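My entries follow in the order I made them.

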Amino acid sequence: MLFCDRLLFGAVSPRILLAFTPFVLFASATIAAEVTKPNVIVIYTDDQGYGDVSALNPDAKFETPNFDRLANEGIAFTNAHSADSVCTPSRYGLLTGRYSWRTKMKRNVLGAEAECLIADGRVTIPSMLRDQGYQTAMVGKWHLGMDFPGVAGRRDWSQPVKDMPLDKGFEYFFGIPASLNFGVLAWFEGRYAKVPPTLLTSKKKNPRHVDYRIMPPYQPIPELEGKNARLRGLEVAPDFIDNQCLTRFTDKAIEWMGTKVESAKQGQPFFLYLPFTSPHYPVCPLPEFHGKGDAGAYGEFVIETDHRVGQILQFLADNDLDENTLIVFTSDNGPEKSWSGRIDQYGHDSRGGYRQGKRSVYEGGHRVPFLVRWPAGIAQPGRTWDEPVGQVDVLATLAQIVGAELPAGAAEDSHSFATVLTDPDAQHDRLPLINHGNGGGTFRYSITDGDWKLVLKSAKFDTELFHLGSDPKEEKNLVATHPEEVERLTRQINDIITSGRTTPGPAQPNDSGYWEDLVWMTEKQYTEMVEAQK
């Protein structure tokens with residue numbers, strides 16, 4: 001087991017704190033020239049906490065041998081962060097390298113049916129890699145908005161779905177539109193549901209966990225009277241069952257990769273984005289995983305997820321693709337609120353000891369597992385990297401690896417960590433990282449620069465300052481004793497917000513003007529700063 005004693009369980013390694021300084025975004029395709037462009041797989045779990053990987057948590061109440069293998073044969077980034085503390089904005093940040101709060105969506109998550117949050121023409125990981133000759137696919141949960149034909153209760157499923165993954169850089173799509181607590185629930189392939197969601201359901205009690213199930217029996221959709229009548233319930237396909245998600249996604253991912261083996265060996269690599277639905281509610285492991293581990297149904301569900309990752313690794317090994325395939329494994333945010341019950345009942349802390357969980361601006365809301373494995377490209381595998389990185393950084397990192405130049409209006413918050421992979425002694429001081437508490441009536445922003453983290457004032461809470469190196473649990477507010485850090489970090493976050501980017505380059509517009517959650521600055525101050533950036 002890889003025991004990260006430099007984390008919460010000990011002292012975090014020191015870091016020189018740097019103010020904004022220019023840096024070289026790309027190193028003239030040097031990395032790409034050293035090895036053949038790798039196949040790339042991004043595996044994205046849902047609501048999996050930092051403590052739900054046994055290599056990262058010595059006190060975990062279950063083993064995750066395949067997650068651990070990614071760490072032990074790659075790099076465990078122990079200070080890595082999702083772009084937000086809830087689902088939709090984190091996925092946006094991962095795929096675009098841009099914070100979601102720069103869009104018109106400032107709070108919460110989308111439903112299954114919505115205008116896609118990724119604007120047409122915006123550079124994404126798949127579009128960038130496609131333009132570099134990659135074959136691209138997504139298999140799994142989207143949750144960034146789709147345009148379905150008709151309205152709920154009055155659908156024409158013979159018509160194609162629009163504004164969806166195939167319009168954002170993916171050449172193949174199999175999956176579901178959003179989380180399982182939203183309609184529409186069906187297995188979509190391409191632009192069509194393989195079996196249309198023509199029935200209706202609601203959440204059913206889950207006898208093995210504190211959440212719910214989505215499973216038959218389902219009911220016919222009733223006739224809606226009046227043009228303004230709304231359907232109540234979740235649209236569902238007759239063949240849809242919640243506990244089949246991991247099986248179907250893994251099988252389809254392997255099926256798609258199987259059609260690309262020969263072309264990948266001949267120099268046309270592939271990119272697979274594989275966002276699982278676990279361990280997000282409903283917690284519904286298949287019966288063969290019941291009784292495994294010592295953390296109840298939740299632990300069983302994580303164990304099943306680990307098993308699915310093992311199937312992906314086995315496919316790569318069986319087809320001689322293992323050596324030059326780069327895998328990024330991470331989660332969209334911290335664990336759902338049932339984490340507290342698991343501590344009491346099983347002694348398992350999904351947060352890994354950090355403060356709070358999903359939706360929170362504190363570390364437990366967005367410090368997540370982040371493991372990178374690439375046998376052909378990673379120097380000294382089995383090491384850890386303890387300095388801050390963000391999921392927004394994946395786009396710039398992959399661009400540097402494949403030698404792609406990103407335009408000024410793309411990946412505005414993405415800072416490549418590619419040199420960390422290839423050089424164990426690399427100096428990588430990430431520019432300040434922004435995080436967002438998103439839900440429960442609390443919408444807060446924080447900025448982290450090295451060990452210093454400032455949580456900005458919100459409508460309900462005052463400013464807080466923490467030194468994560470000495471206080472990873474965020475227990476001691478240092479606002480009163482370090483006003484200079486409060487001032488410095490406030491200037492930095494204001495600049496990052498109003499300039500439309502974190503990285504050096506020309507200022508870029510946010511998709512809206514001032515918004516109400518920026519309570520530490522006035523609308524006039526925001527406007528003046530935006531004008532000064534031009």
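**Salt bridges**

I first looked up Arg107 and Glu516, whose side chains meet in a salt bridge with an N to O distance of 3.9 Å. I take a salt bridge as a side-chain nitrogen of Lys or Arg within 4 Å of a carboxyl oxygen of Asp or Glu. Helices (H or I, at least four residues) and strands (E, at least two) are DSSP runs, numbered from the N terminus.

I note that this is a predicted model, where local features need pLDDT of at least 70 and side-chain atom pairs count only at pLDDT 80 or more, while totals for chains, interfaces and linings use all residues. Residues are numbered from 1 along each chain as its sequence is written, and side-chain values use heavy atoms, with hydrogens and water left out.

For accessibility I use buried for under 20% relative accessible area, exposed for over 50% and partly exposed in between (1.4 Å probe, protein chains only). Arg107 is partly exposed at 32%, and Glu516 is exposed at 59%.

My count of salt bridges comes to 37. Another one joins the side chains of Asp47 and Lys358 at 3.0 Å, N to O. Asp47 is in the loop between strand 1 and helix 2 (65-72), and Lys358 is in the loop between helix 8 and helix 9, 311 residues apart. Asp47 is buried at 2%, and Lys358 is buried at 14%.

I also checked Lys534, which forms a salt bridge with Glu531, the closest N and O atoms being 3.0 Å apart. Lys534 is exposed at 73%, whereas Glu531 is partly exposed at 45%. Salt bridges with shared partners join Asp46, Arg91, Lys141 and Asp332 into one network.

I traced an open sheet of 10 strands with mixed pairing, in the order 9-8-7-4-15-1-16-17-2-18. Strands count as paired if DSSP finds at least two bridges between them. Strand 9 (192-193) and strand 18 are at the edges with a single partner strand each, so one side of each has no neighbour in the sheet. Strand 7 (residues 172-176) and strand 8 (residues 188-189) run antiparallel, joined by two bridges, and Gly175 stands opposite Phe188 in strand 8.

I looked at Thr384 in strand 18 (residues 383-385). Thr384 is buried at 15%, and its C-alpha atom is 8.2 Å from that of Ala71, 313 residues apart along the chain.

**Cores**

I define a nonpolar core as a set of buried Ala, Val, Leu, Ile, Met, Phe, Trp, Tyr and Cys residues joined through side-chain atoms within 4.5 Å. In the largest core, of 119 residues, Phe77, Met128, Phe240 and Leu421 touch the most other members. Helix 7 (residues 296-318) gives the largest share of this core, 10 residues. A second, separate core of 23 residues includes Leu433, Ile447, Leu456 and Leu518.

**Cysteines**

How many disulfides does the structure hold? I find zero, taking a disulfide as a pair of cysteine sulfur atoms within 2.5 Å. The sulfur of Cys245 has its closest cysteine sulfur in Cys284 at 6.9 Å, too far for a bond. Cys245 is buried at 1%, and Cys284 is buried at 4%.
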